[in-house]
Amino acid sequence: MTTSDIPSPVGKIIRDHAGSLPTVDFTQPAGEAALAAPDSVSWQVFKNPVSLFIGGTAAVLLELAEPRVRSGVWDHTTFRTDPLPRMARTGLAAMVTVYGAKSTAQAMIAGVGRMHARVGGVTPAGQVYQAADQELLDWVQATASFGFLQAYHAFVRPLSLAYRDRFYAEAAPAARLYGALGAPTCEAALEQQFQAMAPKLERSQIVFDFLDILRRTPAAPGPLRPLQALLIRAGVEILPPWTRALLGLGARYGLAPWERPLVAMAGRAADRLVLKSAPPAQACTRLGLPAAYLYRRP
């Protein structure tokens, strides 16, 4: 299936979203492996732009629940003043981590590590923090993995526990490079990490400010605007119930029952979409595989 096969406005939304990322040539160096293999669960999950948007929203909400991470994001990034480039850079980093040649991913992650080493401060409550603190890196890695996987599982196709555990295990090499040495390697470990972090999480007005910024930011032009609001609510919907209660994200922030099938329709459509200029297809080309390799798998 190509973009022309997807009914409008879904096809246009996905094409516009894919074209919004900065340009990186994922076809080079020819033949060089990525940190994860082409037959991995990760390569399947990260190819879907709809579930990535949903999962990224959920991940940031969980990150902002941790006061030290929240201060680091809010005080040391341009998200409040210039969110679109920041979102594009974050999306590109995820693509390079999963689909980029190993040497490219290692160089990028090293650069992120150098940046984290320079970021630190004090939260409004007086907690001293450093972005390179392993506990914070573990939390960011865990929330990202949870968000992306859960969005795919909920709105694209259900994955067995074995496949979900594989996804977390596949992220371990990249997590170690980022410094997240204690990041979960299976779903049970993720649950343990959530339980351990729960006493440190808290409600904040910044969570609502983030959602407001995300609603107002044209992440993609035209028809994406109404769908974007739906995908933001889908991101809230997949949060664990206890975190939604903690953050004050009641029913009106999530999906109405009739909206879930619409999100799932968009997610399933995106999962059959071959974008030859997008990182998943380019990475397949780099490894001598057909551009549609990921889209032929069951």
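Predicted model: local features only at pLDDT ≥ 70, side-chain atom pairs only at ≥ 80, totals over all residues.

Modeller: Start with D212 and R216: they sit four residues apart in helix α11, so about one helical turn separates them. Helices here are DSSP runs of H or I, at least four residues, numbered from the N terminus.

Colleague: How close do the N and O atoms of D212 and R216 come?

Modeller: The closest N and O atoms are 3.0 Å apart, and the pair forms a salt bridge. That term means a side-chain nitrogen of Lys or Arg within 4 Å of a carboxyl oxygen of Asp or Glu.

Colleague: Is R216 buried or exposed?

Modeller: R216 is exposed, at 53% relative accessible area. D212 is partly exposed, at 34%. Buried means under 20%, exposed over 50%, partly exposed in between (1.4 Å probe, protein chains only).

Colleague: How many salt bridges in the whole structure?

Modeller: Eleven. One of them joins K47 and D271 at 2.9 Å, N to O. K47 is in the loop between α2 and α3, D271 in helix α14, 224 residues apart. Both K47 and D271 are buried.

Colleague: And R164, which residue does its side chain meet?

Modeller: E187, at 2.7 Å, N to O. R164 lies in α8 and E187 in α10, so the pair ties together parts 23 residues apart in sequence.

Methods. Residues numbered from 1 in each chain as written. Heavy atoms only, no water. Helix = DSSP H or I, 4+ residues; strand = E, 2+ residues; numbered from the N terminus.
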